[in-house]
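Please read the points with the structure open beside you.

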Amino acid sequence: MSKADLWFDCEGAAPAGEGWEELKQMRQRELGQVPLLLLYPIDHESPPTGNKGTRVSLNAVEDVLGLGIVFPGSVTEGGQFVSVDLPSLSTEDLERMEAEEAAEIAVIDAEEGRIVVGERS
């Protein structure tokens, strides 16, 4: 995320020469306690830009989606903390879930009269 991205939903260009915390405070004065969600579609190859000495092409199998979140407030002020304990899934759990999803898709395809890949008409 860049400082310009942090200023995305504010009027005008991002003020130059400000640090991250100062820019967040200026954003909060302008917009109030408004969070910001930024989504970055990233090409699966994504060649490096900028400092090419420390960056390499992404070379992912598929395009990916980057995520940036700006929370209002200050790092020195307290806030409410919420967490969720996510269970670890075994390989068997994942395979079972994939099979259930495939079965649901097959039922929907059959109801809508679609031909499922691999079937002959």
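1. Start with a loop. Ser-46 sits in the loop between β1 (36–42) and β2 (64–70). Strands here are DSSP runs of E with at least two residues, helices are runs of H or I with at least four, and both are numbered from the N terminus. Ser-46 is not a glycine, yet its phi is positive, about 35°. Ser-46 counts as partly exposed, at 24% relative accessibility. The classes are buried (under 20% relative accessible area), exposed (over 50%) and partly exposed (in between), with a 1.4 Å probe and protein chains only.

2. A word on the source. This is a predicted model, in which local features need pLDDT of at least 70, side-chain atom pairs count only at pLDDT 80 or more, and totals for chains, interfaces and linings use all residues. Residues are numbered from 1 along each chain as its sequence is written, and side-chain values use heavy atoms, with hydrogens and water left out.

3. Stay in the loop between β1 and β2, where Asn-59 also has its place. Asn-59 is a residue other than glycine with a positive phi, near 50°. Is Asn-59 buried or exposed? Asn-59 counts as exposed, at 59% relative accessibility.

4. Now the salt bridges. How many are there? The count comes to 3, where a salt bridge is a side-chain nitrogen of Lys or Arg within 4 Å of a carboxyl oxygen of Asp or Glu.

5. One of them joins the side chains of Asp-9 and Arg-27, at 2.8 Å from N to O. Asp-9 lies in the loop between α1 (3–6) and α2 (20–31), and Arg-27 lies in helix α2, so this pair ties together parts that are 18 residues apart in sequence. Asp-9 is partly exposed, with a relative accessible area of 31%. Arg-27 counts as buried, at 3% relative accessibility.

6. Asp-93 pairs with Arg-96, and their closest N and O atoms are 3.9 Å apart. These two are 3 residues apart in helix α3, so about one helical turn separates them. Glu-100 also meets Arg-96, at 3.2 Å from N to O. That pair is 4 residues apart in helix α3, again about one helical turn. Together, Asp-93, Arg-96 and Glu-100 are linked in a network of salt bridges.

7. How accessible is the network? Asp-93 is partly exposed, with a relative accessible area of 26%. Arg-96 is partly exposed at 43%, and Glu-100 is partly exposed at 40%.

8. Look next at the surface charge. Glu-92, Glu-95, Glu-98, Glu-101 and Glu-104 gather in a patch of negative charge. Such a patch joins like charges within 9 Å, using residues with over 30% relative accessible area and no salt bridge. Asp and Glu count as negative, and the charge of Glu is placed at CD. Glu-98 is exposed, with a relative accessible area of 54%.

9. Last, the length of α3. Its 21 residues should span 30 Å at 1.5 Å a residue, and the end C-alpha atoms are 30 Å apart, which agrees. The expected span is 1.5 Å times one less than the number of residues. After α3 comes Gly-113, with a positive phi near 75°.

Key: Patches are made of residues with over 30% relative accessible area and no salt bridge: like charges are joined within 9 Å, nonpolar side chains (Val, Leu, Ile, Met, Phe, Trp, Tyr) within 5 Å. Accessible areas come from the Shrake-Rupley method with a 1.4 Å probe; for residues, only the protein chains shown count as cover.
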